[in-house]
Amino acid sequence: MVELNAENFQDEVINYKDKPVFVDFWGDKCEICKELMPGVHELEHKYENIKFASLNIGKARRLAISQKVLGLPTMIIYSNGERVSIITPDKIKTLTDVEEFIASYINSKK
């Protein structure tokens, strides 16, 4: 999983064209973020056709706001630099929710 920051976000997400990019926006004080993180990292091995990355918003608050991340956890899939799918905190309770979000995106591309 690529660790994102304000310096590499543009290259690793917006300018990245090889495959879709899943970004996990999380924070140090977000307990559900930390609970889900090991499982989200494991999903990277299951979905090799998606690049996985994470951004700790505590170190990049302005970047998170520019991406319209208003609560945690938020997960966004980008394709060719564009936000194509988003799951917000009100829809994330378990790792199953995250996996269904990714599967829904993949199925929409078939």
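# Briefing: fold, cores and backbone exceptions

From the N terminus, the elements of the protein chain follow the order β-α-β-α-β-α-β-β-α. That order comprises four helices and five strands; both are DSSP runs numbered from the N terminus, with at least four residues (H or I) for a helix and at least two (E) for a strand. The radius of gyration is 13 Å, close to the 13 Å from the globule rule for 110 residues, so the protein chain is as compact as a globular protein of that length. That radius is taken over C-alpha atoms, and the rule is 2.2 Å times the number of residues to the power 0.38.

This is a predicted model, in which local features need pLDDT of at least 70 and side-chain atom pairs count only at pLDDT 80 or more, while totals for chains, interfaces and linings use all residues. Residues are numbered from 1 along each chain as its sequence is written, and side-chain values use heavy atoms, leaving out hydrogens and water.

**Overall dimensions and surface**

- The C-alpha trace spans about 35 × 30 × 20 Å along its principal axes.
- Of the 110 residues, 45% are buried (under 20% relative accessible area; exposed is over 50%, partly exposed in between; 1.4 Å probe, protein chains only).
- Accessible surface totals about 6200 Å², and carbon and sulfur atoms hold 49% of that area (Shrake-Rupley method, 1.4 Å probe; for residues, only the protein chains shown count as cover).
- Among contacts between residues at least 6 apart in sequence, 69% join residues at least 24 apart (contact: heavy atoms within 4.5 Å).
- The chain carries 15 positive and 17 negative side chains, and the centres of the two sets are 6 Å apart. Lys and Arg count as positive, Asp and Glu as negative; His and the chain ends are not counted. Each charge is placed at NZ of Lys, CZ of Arg, CG of Asp or CD of Glu.

**Nonpolar cores**

- In soluble globular proteins, nonpolar side chains tend to be buried together.
- The largest nonpolar core contains 17 residues, and Leu4, Phe9, Val13, Val23, Phe25 and Tyr78 have the most contacts inside it. Such a core is a set of buried Ala, Val, Leu, Ile, Met, Phe, Trp, Tyr and Cys residues joined through side-chain atoms within 4.5 Å.
- Two or more residues of this core come from each of helix H1 (9-14), strand S2 (21-26), strand S3 (51-56), helix H3 (61-66) and strand S4 (74-79).
- Val23 contacts Leu4, Val13, Ala53, Thr74, Met75, Ile76 and Tyr78, leaving aside neighbours within four places in sequence.
- A second, separate core has 16 residues, including Val40, Ile77, Phe101 and Tyr105.

**Leu36 on helix H2**

- Leu36 sits in helix H2 (residues 31-46). Its relative accessible area is 6%, so Leu36 is buried.
- Not counting residues up to four places away in sequence, Leu36 touches Pro73, Met75, Ile92, Thr94, Leu95 and Val98.
- Thr96 is 60 residues from Leu36 in sequence, and their C-alpha atoms are 9.9 Å apart.

**Backbone exceptions**

- Most residues other than glycine have a negative phi, and most peptide bonds are trans.
- The Leu72 to Pro73 peptide bond is cis, with omega near -5°. Pro73, a contact of Leu36, lies in the loop between H3 and S4.
- Lys68 is in the loop between H3 and S4. Its phi is positive, about 65°, although Lys68 is not a glycine. Lys68 is exposed, at 58% relative accessibility.
- Asn80 lies in the loop between S4 and strand S5 (82-87). Its phi is also positive, near 55°. Asn80 is partly exposed, with a relative accessible area of 48%.
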